[in-house]
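Subject: Structure handover

Hello,

Here is the structure I promised to pass on. Please open it first, then read the notes below it.

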Amino acid sequence: MESTYDYDDTVKHQQQQTDLGYDPNFVPDSVKSFVVHLYRHIREKNVYEIHQMYEGSFQTLSDRMFKESPWPSVDAISQYVDQDHVFCLLYREMWFRHLYARLSPTLKQRIDSWDNYCSLFSVVLHGVVNMQLPNQWLWDMVDEFVYQFQSFCQYRAKMKNKTEQEIALLKQFDQAWNVYGVLNFLQALVEKSQIIQILDQEKEGLEQFTATDGYDYNGGSNVLKVLGYFSMVGLLRVHCLLGDYQTGLKCLLPIDISQQGVYTSVIGSHITTIYHYGFANLMLRRYTDAIREFNKILLYIYKTKQYHQKSPQYEQILKKNEQMYALLALCLSLCPQVKLVEETVNSQLREKYGEKMIRMQRHDEEAFALYDELFSYACPKFITPSPPILEEPLVNYNQDAYRLQLKLFLYEVKQQQSLAGVRTFLKVYSTISVGKLATYMEVDEPTLRTILMTYKHKTHAIDPDGKVISTADVDFFLDDDMIRVIESKPAKQYGDYFLRQIVKLEGVMTDMDRIRLE
């Protein structure tokens, strides 16, 4: 497609923008060529070419010609694509995504984007969509849909400087980006696609959804099925933004994240899934589950990030990588299960947060402030889903949901800090009497028994199957007046060691080849 870009055309377009400002009806030849080719490839179900144009050509054109302005309007390009309704909806979806990424959308544009998603998803749910689209595009649709919902809630909650016109529009379009509407669309995509039944049948060997990455090689469409699949991740994300972690994890249950799946076929989907899964588990005190998954994804990013350097998602990958290291530091400070973390990840973690993690073990005000700092940096942008009361004195309340989640997290940290002394002594002794430990901790025996019960409560969590599981690195049981300590001994992992050595050997061989070439 590179040959379709004309340098003179680019100059002419930039001149047009300078002279007249943005003209939504001016369609440069390269854009004409882009939409005609994309339309043809979609009609022909040529997923490879669609992907090349979506990931490559669209970004290249955006960088060259639309850095500071939107793409031509859908009305201007529709004549080149037979006025095709579905293609125009897809083009507008990309148009709004580009607008959000490069410029600041107005309230009217936010509402228009909502209307476009309603139309697009309605066609998918109730029409006949006879096309195949790349997983990357289908993931971006769901991801952007949730992002724009989050962005709208944040925007709407900043009431202080709203103009009368904006308030009038908010009143007029009070159903735009409504939380029930967003959840209903995602849930409807899950149900209509029957993706949960498809994944169940796959376990019995009756379906090939994961093996084909969700694509239909029999001439059918992958759009509804894959949108339904990614909508489960979208639901997890929305519920995390609302602070409902239990429901979020329940929505993700049909996807087995211990295995490779369609969610791992797109790097953005893989990272978003594990980030929100880990965060939800952190908030539910299932620290070991969070640590295990953060360890796996951080190791994966470490090994593969160089392959994504030219990807439009690269900056987002790096940002989420840093946030997940911060969340891993929080998990390990509250539940010191370093044995669950692979050496490569552990060395990166020590480099980034080693000093802070040592200070977080002191259980003083400075440690408390560090928990606050890391949580604030790494948490999602929580939202208040309810619309503002427009008659009252206008105030900003976009930080309210975040402050509430921070308060709940720090309350948990305070409770955990009071148990630090118990953990320290349990690591030293294999058996110790209640009286002796009470003396060491400078409390009476009834108080110590209360502390021990609290320790038991705080180091146990309910897993997705409803079973009570221990998350403690050091556990104990009471035998009359004796405390008997059980230290967990995880199975040795030999695979990680060999993988590490293989990566080192590959590096040495690459260096040797380079020297030979020079």
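Start with valine 179. Leaving aside neighbours within four places in sequence, valine 179 is in contact with Phe149, Leu242 and Pro385 (contact means heavy atoms within 4.5 Å). Valine 179 sits in helix 9, residues 179-193. Helices here are DSSP runs of H or I with at least four residues, strands are runs of E with at least two, and both are numbered from the N terminus. The relative accessibility of valine 179 is 11%, so it counts as buried. The cut-offs: buried is under 20% relative accessible area, exposed is over 50%, and partly exposed lies in between, with a 1.4 Å probe and protein chains only. Valine 146 is 33 residues away along the chain, and its C-alpha atom is 10 Å from that of valine 179.

A word on the source. This is a predicted model, in which local features need pLDDT of at least 70 and side-chain atom pairs count only at pLDDT 80 or more, while totals for chains, interfaces and linings use all residues. Residues are numbered from 1 along each chain as its sequence is written, and side-chain values use heavy atoms, with hydrogens and water left out.

Positive phi values

Two residues on either side of helix 9 deserve a look. Tryptophan 177 is in the loop between helix 8 (164-172) and helix 9. Its phi is near 55°, a positive value in a residue other than glycine. Is tryptophan 177 buried or exposed? Tryptophan 177 is buried, at 0% relative accessible area.

Glutamine 194 lies in the loop between helix 9 and helix 10 (195-203). Phi of glutamine 194 is also positive, near 55°, and this residue is not glycine either. Glutamine 194 has 47% relative accessibility, so it counts as partly exposed.

Salt bridges

How many salt bridges does a search of the whole structure find? The search finds 20. A salt bridge is a side-chain nitrogen of Lys or Arg within 4 Å of a carboxyl oxygen of Asp or Glu.

Take arginine 97 and aspartate 140. Their side chains meet in a salt bridge, at 3.9 Å from N to O. The pair links distant parts of the chain: arginine 97 is in helix 5 (residues 85-102), aspartate 140 is in helix 7 (residues 135-157), and they are 43 residues apart. Both arginine 97 and aspartate 140 are buried. There is also a network of salt bridges here, linking Glu93, Arg97 and Asp140.

Next, lysine 296 and glutamate 293. This salt bridge has an N to O distance of 3.3 Å. About one helical turn separates the two residues, because they are three residues apart in helix 14 (residues 287-304). Lysine 296 is partly exposed, at 38% relative accessible area. Glutamate 293 is buried, at 8%.

Then aspartate 400 and arginine 403. Their side chains form a salt bridge at 3.4 Å, N to O. Both residues lie in helix 18 (residues 400-417), three residues apart, about one turn of the helix. Aspartate 400 is partly exposed, with a relative accessible area of 39%. Arginine 403 is partly exposed too, with 48%.

Helix packing

Two packed helices are described by the angle between their axes and the distance between the axes. Axes are lines fitted to C-alpha atoms, for helices over the stretch in contact, and angles run from 0 to 180 degrees between N-to-C directions.

Helix 3 (residues 47-65) packs with helix 5 at an angle of about 50°, with axes 12 Å apart. The two helices are therefore oblique to each other. Angles under 35 degrees count as roughly parallel, over 145 as roughly antiparallel, 65 to 115 as roughly perpendicular, and the rest as oblique. On the helix 3 side, the residues that meet helix 5 are Tyr54, Phe58, Gln59, Ser62 and Asp63. Helix 5 brings Met94, Arg97, His98 and Arg102. By class, this contact has three nonpolar, three polar and three charged residues. Ala, Val, Leu, Ile, Met, Phe, Trp, Tyr, Cys and Pro count as nonpolar, Asp, Glu, Lys and Arg as charged, and the others, Gly among them, as polar.

Helix 6 (residues 107-126) and helix 11 (residues 223-242) pack at about 120°, with axes 10 Å apart. That makes helix 6 oblique to helix 11. Phe121, Val124 and Leu125 of helix 6 make the contact with Val223, Leu224 and Leu227 of helix 11. By class, that contact has six nonpolar residues, no polar and no charged ones.

Best wishes
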